[in-house]
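Let's take a walk through this model. Have the sequence and the 3D view open side by side as you read.

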Amino acid sequence: MTLSFKSFPKMVFEFLEPLHGFVLLFPFLGFFFFHVWQGLEKARLQRFIHERTTTKEELKRKNDELKIGIVSYTSAERIETLYRRTYQFLPISLGNRTVTIELPPIPESPSKSNP
């Protein structure tokens with residue numbers, strides 16, 4: 001069996017003819033798999049965002065608790081009570097008064113608004 005250069009394309013076409021259906025289905029299959037992949041990626045990213053949002057809310061809550069702790073432990077009434085207990089209820093002179101300073105709120109960083 002001798003092969004000529006002119007018969008080569010015919011042989012290739014005959015070899016690939018059973019795959020003709022796959023060539024027609026390939027765009028549909030590609031679209032389907034792309035759509036599935038896109039859905040999975042979207043679900044993964046939404047889960048990631050939800051985890052980070054939950055962590056952010058938890059950290060905000062802890063930060064608020066720490067601020068409350070700072071304010072309560074540094075309040076003038078508490079310090080005055082400790083001073084009176086320590087020094088057996090001596091009167092407080094102006095030089096020994098403690099001034100409480102409240103911390104300013106932490107400004108929120110500009111973030112993209114959620115849709």
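Start at Phe33, which is exposed with a relative accessible area of 53%. Here buried means under 20% relative accessible area, exposed over 50%, and partly exposed in between, worked out with a 1.4 Å probe and protein chains only. Phe33 teams up with Phe32 as an edge-to-face aromatic pair, at 5.5 Å centre to centre and 65 degrees between the planes. Phe32 lies in helix H2 and counts as partly exposed at 48% relative accessibility.

A second aromatic pair joins Phe34 and Trp37: this one is tilted, at 5.9 Å centre to centre with 35 degrees between the planes. Both residues lie in helix H2, 3 residues apart, or about one turn of the helix. Phe34 is partly exposed, at 46% relative accessibility. The structure holds 2 aromatic pairs. As for the rule, rings of Phe, Tyr and Trp (its six-membered ring) pair if their centres lie within 6.5 Å; planes under 30 degrees apart are stacked, over 60 edge-to-face, and the rest tilted.

A word on what you're looking at. This is a predicted model, where local features need pLDDT of at least 70 and side-chain atom pairs count only at pLDDT 80 or more, while totals for chains, interfaces and linings use all residues. Residues are numbered from 1 along each chain as its sequence is written, and side-chain values use heavy atoms, with hydrogens and water left out.

Zooming out, the chain has 3 helices and 0 strands, so the elements run α-α-α from the N terminus on, with helices (H or I, at least four residues) and strands (E, at least two) taken as DSSP runs numbered from the N terminus. Of the 115 residues, 3% count as buried. The chain exposes about 11,500 Å², and carbon and sulfur atoms supply 68% of that; the areas come from the Shrake-Rupley method with a 1.4 Å probe.

Back to the phenylalanines. Phe32 and Phe33 also belong to a nonpolar surface patch of about 740 Å², made together with Leu25, Phe28, Leu29, Val36 and Leu40. Patch residues have over 30% relative accessible area and no salt bridge; like charges are joined within 9 Å and nonpolar side chains (Val, Leu, Ile, Met, Phe, Trp, Tyr) within 5 Å. What does UniProt list for residues 20-37? An unreviewed entry there gives "transmembrane region", though such annotations may be inferred rather than shown by experiment. In the model, the span is 100% helix and 0% strand, and its end C-alpha atoms lie 26 Å apart.

Now for the charged side chains. A salt bridge here is a side-chain nitrogen of Lys or Arg within 4 Å of a carboxyl oxygen of Asp or Glu, and the count comes to 3.

| Salt bridge | N to O distance |
|---|---|
| Glu41 and Arg44 | 2.5 Å |
| Lys62 and Glu58 | 3.6 Å |
| Arg61 and Glu65 | 2.8 Å |

Glu41 and Arg44 both lie in helix H2 (residues 20-73), 3 residues apart. Lys62 and Glu58 are 4 residues apart in helix H2, which means about one helical turn separates them. Arg61 and Glu65 are likewise in helix H2, 4 residues apart.

How accessible are these residues? Glu41 is partly exposed at 24% and Arg44 is partly exposed at 40%. Lys62 is partly exposed at 40%, as is Glu58 at 38%. Arg61 is partly exposed at 44%, and Glu65 is partly exposed at 45%.
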